[in-house]
Amino acid sequence: MTKSIVWANSIRLGFAKPFSGNTVPTSERFFAGGGSTLRGFPLNGAGPQRVAPICTTGTTNCNSFITVPVGGDMLFIFNSELRYPIPIISNLGGVVFYDGGNIFRTINFSELLNHYTNTVGVGIRYATPVGPVRFDIGRNLNPLPGINPLQFTITLGQAF
């Protein structure tokens with residue numbers, strides 16, 4: 001078996017349009033972020049967010065707040081990954097990658113242009129019988145306030 005360099009790419013585009021002027025339920029919206037979509041975001045951390053209070057049980061004291069994803073009606077994700085062997089150890093490989101896109105609140109081309117994000121990164125792959133074990137480090141070049149622009153993921157299987 002000859003080991004070689006692989007350039008893998010993926011493009012995903014999605015639209016969620018409600019019927020009869022209703023809204024798309026949260027369970028039907030698009031979410032992204034994490035090891036298999038946009039590696040510069042935490043899991044489901046890309047796209048529209050809202051601030052939610054954290055209240056102490058049994059009281060109305062809500063002094064803390066967290067940001068939670070609400071999903072969006074449009075998805076555009078472009079992933080590109082250059083995979084290459086690392087001859088130090090058998091079954092070891094490396095990658096350099098680019099992830100672009102986002103989740104968008106509405107179906108709108110100008111929103112895509114204004115909220116498009118870019119992530120670059122590197123990773124290590126170790127081939128196992130059930131798929132590669134991946135360790136990726138992604139740096140979001142358009143970080144959102146409150147989200148660390150440097151994200152680490154450890155997963156099993158190819159990114160896309």
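The link of Cys55 and Cys62 is right-handed, with 95° about the S-S bond. The model is predicted. In it, the sulfur atoms of Cys55 and Cys62 lie 1.8 Å apart and form a disulfide. The total count is 1 disulfide. A disulfide is a covalent bond between the sulfur atoms of two cysteines. Cys55 has a relative accessibility of 38% and therefore counts as partly exposed. Cys62 is also partly exposed, at 25% relative accessibility.

Arg134 belongs to strand β7, which spans residues 131-140. Its relative accessibility is 2%, so Arg134 counts as buried, the cut-off being under 20%. Two polar partners were identified for the Arg134 side chain. The side chain of Asp136 makes a polar contact with the side chain of Arg134 at 2.8 Å. The backbone oxygen of Gly157 lies 2.5 Å from a polar atom of the Arg134 side chain. Beyond neighbours within four places in sequence, Arg134 is in contact with Gly35, Ser36 and Arg39, among others. Ile124 and Arg125 are also among its contacts. Further along the chain, the contacts of Arg134 include Thr153, Ile154 and Thr155. Gly157, Gln158 and Ala159 are in contact with Arg134 as well.

The second largest pocket has a volume of about 190 Å³. Its lining includes Gly47, Pro48 and Gln49. Asn102, Ile103, Phe104 and Arg105 also line this pocket, as do Glu111, His115 and Thr117. Asn142 and Leu144 belong to the lining too. By class, the lining residues divide into 4 nonpolar, 6 polar and 2 charged. Strand β5 (92-104) and helix α1 (109-115) each supply at least two residues of the lining. The most comes from β5, with 3 residues.

Most residues other than glycine have a negative phi. Asn44 counts as partly exposed because its relative accessibility is 30%. With a relative accessible area of 34%, Asn91 is partly exposed.

Methods:
Residues are numbered from 1 along each chain as its sequence is written. This is a predicted model: local features need pLDDT of at least 70, side-chain atom pairs count only at pLDDT 80 or more; totals for chains, interfaces and linings use all residues. Side-chain values use heavy atoms; hydrogens and water are left out. On a 1 Å grid over the protein atoms alone, a cavity is a set of points where a 1.4 Å probe fits but cannot get out, and a pocket is an open set with protein on both sides within 12 Å along at least five of seven lines; lining residues have an atom within 4 Å of a point. Grid points are joined across faces, edges and corners, and a volume is the space filled by probe spheres set on the points. Helices (H or I, at least four residues) and strands (E, at least two) are DSSP runs, numbered from the N terminus. Ala, Val, Leu, Ile, Met, Phe, Trp, Tyr, Cys and Pro count as nonpolar, Asp, Glu, Lys and Arg as charged, and the others, Gly among them, as polar. Buried means under 20% relative accessible area, exposed over 50%, partly exposed in between (1.4 Å probe, protein chains only). A polar contact is a pair of N or O atoms within 3.5 Å; within protein, one must be able to donate a hydrogen and the other to accept it, and residues adjacent in sequence count only if both atoms are side-chain atoms. Contact means heavy atoms within 4.5 Å. A disulfide is a pair of cysteine sulfur atoms within 2.5 Å.
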